[in-house]
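Welcome to a short tour of a protein model. Please take a moment to look it over, and then we will walk through the overall build and the side-chain links together.

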Amino acid sequence: QVQLVESGGAMVQAGGSLRLSCTASGRTFNPYIMGWFRQAPGKEREFVAAIRWSGGSTIYTDSVKDRFAISRDTAKNTVYLQMNSLEPEDTGVYYCGARFGALSWSVTWTKIPARYDYWGQGTQVTVSS
């Protein structure tokens, strides 16, 4: 079993920055992909970014591509999401997910929540205008 714990969510003004963290514990942690998703009230869970644990390749949804950066520290079993130039539309609960099997490396596949094996409990990000 794997436990994922997100942290770093807060309320910020538009234009501000936050860094989210997601730390894993449990079994030997060597996922294929770690992803960040977000969910606004009344909406479906939405893909934000993903990173390949080995090698560190990254992929983003278009709306955050020039503002957010995903990274990982394999020694700490932690994945980060640096969020800059935040907009009210970025408001939501942010979740990290882990997938342990190989997956085609494209937004088409990494954006599907059902492809992930484990999820954290989420951390709230609220961006005020």
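Of the 129 residues of this protein, 42% count as buried, where buried means under 20% relative accessible area, exposed means over 50% and partly exposed lies in between, using a 1.4 Å probe and protein chains only. Please keep in mind that this is a predicted model, in which local features need pLDDT of at least 70, side-chain atom pairs count only at pLDDT 80 or more, and totals for chains, interfaces and linings use all residues. Residues are numbered from 1 along each chain as its sequence is written, and side-chain values use heavy atoms, with hydrogens and water left out.

## The overall build

One helix and eleven strands make up the secondary structure. Helices (H or I, at least four residues) and strands (E, at least two) are DSSP runs, numbered from the N terminus. Their order along the sequence is β-β-β-β-β-β-β-β-β-α-β-β. The radius of gyration is 14 Å, close to the 14 Å that the globule rule gives for 129 residues, so the protein is as compact as a globular protein of that length. That radius is taken over C-alpha atoms, and the rule is 2.2 Å times the number of residues to the power 0.38. The C-alpha trace spans about 40 × 25 × 25 Å along its principal axes.

How much of the contacts with a separation of 6 or more comes from residues 24 or more positions apart? The share is 59%, with contact meaning heavy atoms within 4.5 Å.

The structure holds one disulfide, a term used for a pair of cysteine sulfur atoms within 2.5 Å. Cys22 and Cys96 form this disulfide, and their sulfur atoms are 1.9 Å apart. The link of Cys22 and Cys96 is right-handed, with 50° about the S-S bond. Distant parts of the chain are linked here, since Cys22 belongs to strand 3 (residues 18-26) and Cys96 to strand 9, 74 residues apart. Are these two cysteines, Cys22 and Cys96, buried or exposed? Both Cys22 and Cys96 are buried.

## Charged partners

Side chains of opposite charge can pair when their charged atoms come close. The whole structure has five salt bridges, each being a side-chain nitrogen of Lys or Arg within 4 Å of a carboxyl oxygen of Asp or Glu. The table shows some of them.

| Salt bridge | N to O distance |
|---|---|
| Glu46 and Arg38 | 2.9 Å |
| Arg38 and Asp90 | 2.8 Å |
| Asp62 and Lys65 | 2.8 Å |

Arg38 is buried, with a relative accessible area of 6%, whereas Glu46 is partly exposed at 35%. Arg38 lies in strand 4 (residues 33-39) and Asp90 in the loop between strand 8 (78-83) and strand 9 (92-99), so this pair ties together parts that are 52 residues apart in sequence. Asp90 is buried, as is Arg38.

In the pair of Asp62 and Lys65, Asp62 is exposed at 62% relative accessibility, and Lys65 is partly exposed at 43%. Elsewhere, salt bridges that share partners join Arg38, Glu46, Arg67, Glu87 and Asp90 into one network.

## Aromatic rings

Seven aromatic pairs turn up in the whole structure. Rings of Phe, Tyr and Trp (its six-membered ring) pair if their centres lie within 6.5 Å, and planes under 30 degrees apart count as stacked, over 60 as edge-to-face and the rest as tilted. One of the pairs is Phe37 with Phe47, whose ring centres are 5.6 Å apart and whose planes meet at 75°, so the pair is edge-to-face. Phe37 lies in strand 4 and Phe47 in strand 5 (residues 46-52), so the pair ties together parts that are ten residues apart in sequence. Phe37 is buried at 0% relative accessibility, and Phe47 is buried at 5%.

Phe37 also forms an edge-to-face pair with Tyr116, at 5.1 Å centre to centre and 80° between the planes. Tyr116 sits in the loop between helix 1 (107-110) and strand 10 (118-119) while Phe37 is in strand 4, so the two tie together parts that are 79 residues apart in sequence. Both Phe37 and Tyr116 are buried. Phe29, Trp53, Phe100 and Tyr118 form one aromatic cluster.

Lastly, Arg45 lies over the face of Tyr95, 3.7 Å from the ring centre. The charged end of Arg45 also sits over the ring of Trp119, 4.7 Å from its centre. A charge sits over a ring if NZ of Lys or CZ of Arg is within 6 Å of the ring centre and within 35 degrees of the ring normal.
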